[in-house]
Amino acid sequence: MRAFVASRGAAHIEFLGFLSQRELEPLRRRAEGFVLPSIWYENASLGILEAMAAGLPCLTTRIGGNPELVEDGVNGFLALPNDPEDWYRILRRFQATTPEARRLMGEAGREKVRARHLWSDHLERVESCYREAGVKVSNWGETSAPSLAEATLMMMLASLRRVPHWHNEMHVR
């Protein structure tokens, strides 16, 4: 990908490798978009969800769960995996979009995160699954010791609630 970008004279594109959340935040604020040329099947890429929460249009591959998160032309663009020419096509397409169109794409992604991917909503769905399976979530510890399933769920939910998460409502710009 580096050679391809260099051969096209796209000197403004940077390949940064792994960065911490603290290092990423200022980059997201100045970024025009988010590029993830993944070749792996992921259900819900955390990188894409973080970029969407930050209001960035996403350019990614049409593989795994990516097309469920990124709608081509709505909140980003999709390319075929391992296809440099298709990547060239979507990068050119992105370059041709106006700043206002990019802003609207970013807002569409942010709204998708708010509507479907908030951490608090995820925790509620996890609890709901356990309730449907017969685990009594509401009166833990009130009358008797929790069952093994209840204790496991209590520990898991307590742990998940302590994790500072990118899609907590206060982190969605």
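Guide: About 1500 Å³ of space lies in the largest pocket, where a pocket is an open set of points on a 1 Å grid over the protein atoms alone at which a 1.4 Å probe fits, with protein on both sides within 12 Å along at least five of seven lines, and lining residues have an atom within 4 Å of a point. This is a predicted model, in which local features need pLDDT of at least 70 and side-chain atom pairs count only at pLDDT 80 or more, while totals for chains, interfaces and linings use all residues. Residues are numbered from 1 along each chain as its sequence is written, and side-chain values use heavy atoms, with hydrogens and water left out.

Visitor: Which element gives the most to the lining of the largest pocket?

Guide: Among the 45 lining residues, those closest to the pocket's centre are Ile13, Glu14, Gly33, Phe34 and Val35. Two or more lining residues come from each of H1, helix H2 (21-30), strand E1 (34-36), helix H3 (46-53), strand E2 (58-61) and helix H5 (84-96); here helices (H or I, at least four residues) and strands (E, at least two) are DSSP runs, numbered from the N terminus. With seven residues, the element that gives the most is H5.

Visitor: Why is H3 described as largely enclosed by the rest of the structure?

Guide: The buried residues of H3 are Ile48, Leu49, Glu50, Ala51, Met52 and Ala53, buried meaning under 20% relative accessible area, exposed over 50%, and partly exposed in between (1.4 Å probe, protein chains only). These buried residues pack against H2, E1, E2, H4 and helix H6 (99-116). H3 counts as largely enclosed because the number of its eight residues that are buried is six.

Visitor: Is Asn66 buried or exposed, and what is its relative accessible area?

Guide: Asn66 lies in helix H4 (residues 66-69). Leaving aside residues up to four places away in sequence, Asn66 touches Ser38, Glu42, Ser45, Ile48, Thr60 and Thr61, a contact being heavy atoms within 4.5 Å. Asn66 is buried, and its relative accessible area is 1%.

Visitor: What is the relative accessible area of Lys112, which is buried?

Guide: Lys112 forms a salt bridge with Glu71, the closest N and O atoms being 3.1 Å apart. That pair joins the loop between H4 and strand E3 (76-79), where Glu71 lies, to helix H6, which holds Lys112. Glu71 is partly exposed at 35% relative accessibility, whereas the value for buried Lys112 is 7%.

Visitor: By about how much of a helix are Arg89 and Asp86 separated?

Guide: The side chains of Arg89 and Asp86 meet in a salt bridge (2.6 Å, N to O). Arg89 is partly exposed at 36%, while Asp86 is buried at 12% relative accessibility. Because they are three residues apart in helix H5, their separation is about one helical turn.

Definitions and conventions. Points joined across faces, edges and corners; volume = space filled by probe spheres on them. Salt bridge = Lys/Arg side-chain N within 4 Å of Asp/Glu carboxyl O.
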